[in-house]
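Biologist: I am new to this one. Please show me the model, and let us go through it step by step.

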Amino acid sequence: MIGTENMNREYIMASIRNYLIDKPFKQINLKAVLFDMDGVLYNSMPNHAKAWTDTLAEFGVQFPVEEAYMHEGRTGESTIDIAFRRTFGRSVSKEEVRRIYSIKTERFNQCPAAEVMPGASDLLKKLKYKELQPMLVTGSGQKSLLERLNTHFPDTFERRMMITADDVQFGKPHPEPYLKALELGGFRPDEALVVENAPLGVEAAHSAGIFTICVNTGPLPDSILLDAGADLLFDTMPALNNAWEEIVIQITNYELRIKNYECNPKRQMDS
Ligand code: CA
């Protein structure tokens, strides 16, 4: 939990230093911000989680809501397979996947439309002032995606700057979606930030070598997201939005000067 501005500053600086210590570059040259969608731009995860829990229960599989959050970002097939192996000790067939996933999608579509996450629009507007490139990196493959994004976030996301389910072979937690986004935008890992909300998404972004900001908009404990590799953690999108200017200032100014010393002073002294 983050309180005062000073605490924010110290926390942000420490997270940038820790990130750089681990990486082959001395500073972040910020050019792009890569956004996950569900749970970051839209408050759609409660609908997804309920649709998963109810659908799998119909097939005799217990899948608590928290588990849906743990698997958020995984492909539908992989999620169903994990649940089947645990419950029935066997993998799921293609036909079962097709049936279960279509019922899950139907249930999700019957839910009231997910609202835009508070704070998301304000944050995206701030990107424009700094001429930072927004990109979307989602495991979702809904056809109406772009139209909906254009309605809620006008003139922000371009189709050519998006990675969706159709663009990747491996879903999160594989780094592929984020690596492909970097490739698509012509950015290096040290030129981007990721905003994610789920453990597997954080893991994917972290594995791609990108500084990863997590907004914990779901019910999971912070520790799960930090263990997955989150560099910075906020409770909500408005909290991230409030800290945004400070993040950009620190990222712009912070340069790791004495890499070896900062790398592990204790070990050097010990040896
Ligand atoms: Ca998400």
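Modeller: This is a predicted model. Start with strand E5, residues 211-215. Five of its five residues are buried, so E5 is largely enclosed by the rest of the structure.

Biologist: Which residues of E5 are buried on one side, and which on the other?

Modeller: In a regular strand the side chains alternate between the two faces of the sheet. Both faces of E5 are covered.

Biologist: Which residue stands opposite Ile213?

Modeller: Look at strand E4, residues 192-196. E4 and E5 run parallel and are joined by four bridges. Opposite Ile213 in E5 stands Val195.

Biologist: Which strands stand at the edges of the sheet?

Modeller: The sheet is open and has six strands, with parallel pairing. Their order is E3-E2-E1-E4-E5-E6. Each edge strand has a single partner, so one side of it is left without a neighbour in the sheet. The edge strands are E3 (162-163) and E6 (232-234).

Biologist: What is the bridge partner of Ala32 in E2?

Modeller: Strand E1 covers residues 32-35, and strand E2 covers residues 133-137. The two run parallel, with four bridges between them. Ala32 has as its partner Gln133.

Biologist: Now the helices. Are H2 and H5 parallel or oblique to each other?

Modeller: Helix H2 spans residues 45-58 and helix H5 residues 94-110. Their axes lie 9 Å apart, at an angle of about 135°. Angles over 145 degrees would count as roughly antiparallel. H2 and H5 are therefore oblique.

Conventions. Residues numbered from 1 in each chain as written. Predicted model: local features only at pLDDT ≥ 70, side-chain atom pairs only at ≥ 80, totals over all residues. Pairing = 2+ DSSP bridges. Axes fitted to C-alpha atoms, helices over the stretch in contact; angles between N-to-C directions. Parallel < 35°, antiparallel > 145°, perpendicular 65-115°, else oblique. Buried ≥ 20, exposed ≤ 12 C-beta atoms within 10 Å, placed from the backbone.
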